[in-house]
Amino acid sequence: MTQGIRTIRNTIRVRSHTNGGYNNRAYSTKFDDDIYFYGQMESTGATNLKISRKDISLESELAQGRFATIYLAKYYGNHRDAQTVAAKMTKKEENVMKMKAKINFYIEKVGHHKNVVDFIGYVEDDVRGSFMVLEYCESGVLKEFLISKKSDVTVDLEERLFRMVFGVCLGMDYLSSKKVVHRRLAARNILLDHLFEPKITGFGPEPEAEQEGEERIPLKWMAPECMKTTIHANELSDVFSFGIVMWEIFSLGDTPYPDVQSRDVASKLKQGYKMKKPEYCDDAFYKIMLKCWHYHPNKRSGFAEVKDQLSHMFQEGPSEEYYYRSNDL
């Protein structure tokens, strides 16, 4: 790693914050994955988020999941030029309530943050049912971006990795402050906009989990206490997963615990096992990663404290640039 000071070309705005005892602000509730609770909710005060169907033009299909199809679309509302957006629609009629649950969850709990995929609004379509209109992230999925850069590592890319880690932390700190528990944080659930700014997605009521009748838990991303069920997941279990995302970023998209089978991860962690420092990670970031991976949740920092630890690694410079100080911690 290049030693000394690195110019961070894209502005990172740092706001000092002390934890003040609010180490664990977000807890899973019995309603967090309850499709029927959010699906039957009548949201009030959200008329500004309702978009007329005539203001949305579908362009092409972007991706498909078991629950929904995502389309590239144009939004002609708000009395301005057409905006490129993503439209998320259910694939089957019986998923209408599940889509409404997603919409109401965003309206009731999420709000807006630069490092969370922005919920622009929703459309009530006579044929397709309600669908979500979301920010379009044209640089795609973080994990795929990282893998694509394995043979093209530059100093600029290393700087970008630092900024991505910090951006993900800012987004998770915001979600925790809104009492949202992610429970599925991973590089595959982070998108990148045209400036490669990370945008967190993949949280909220989970239709697939209910459809299968049992949770499918991606063990290699989970805190030890969540490997059997995420029913008691909270901010501190998300912090553990954030440490895994840091490892993914600095390994350029490798799968965590590369030499360990998923079924063996729990026992390895109980024995104190922690992954080695990835190739493109420096000591300062690795120390924070290790703090995220404390086996006991109450020994982990909350996101507000992790954010402060990361922000101390940057200092403001001329012209609103920030400098990364690689040897401070």
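**Strands and helices**

A: Strand β5 runs antiparallel to strand β7 (residues 129-135), joined by four bridges. Strands pair if DSSP finds at least two bridges between them. Strands (E, at least two residues) and helices (H or I, at least four) are DSSP runs, numbered from the N terminus.

Q: What should I know about the model and numbering?

A: It is a predicted model: local features need pLDDT of at least 70, side-chain atom pairs pLDDT 80 or more, while totals for chains, interfaces and linings use all residues. Residues count from 1 along each chain as its sequence is written, and side-chain values use heavy atoms, without hydrogens or water.

Q: Which residue stands opposite A86?

A: L134 in β7.

Q: And how many bridges join β4 to β5?

A: Eight, and β4 (residues 68-75) and β5 run antiparallel. A73 stands opposite V85 in β5.

Q: Why is β5 largely enclosed?

A: Six of its eight residues (83-90) are buried, so the rest of the structure largely encloses β5. Buried means under 20% relative accessible area, with a 1.4 Å probe and protein chains only.

Q: New topic. Is E235 buried or exposed?

A: Buried, at 0% relative accessible area. E235 lies in helix α6 (residues 235-250).

Q: At what angle do α6 and α9 pack?

A: About 35°, with axes 10 Å apart; α9 covers residues 303-311. Axes are lines fitted to C-alpha atoms over the stretch in contact, and angles run from 0 to 180 degrees between N-to-C directions.

Notes
Buried < 20%, exposed > 50% of the residue type's maximum accessible area, 1.4 Å probe, protein only.
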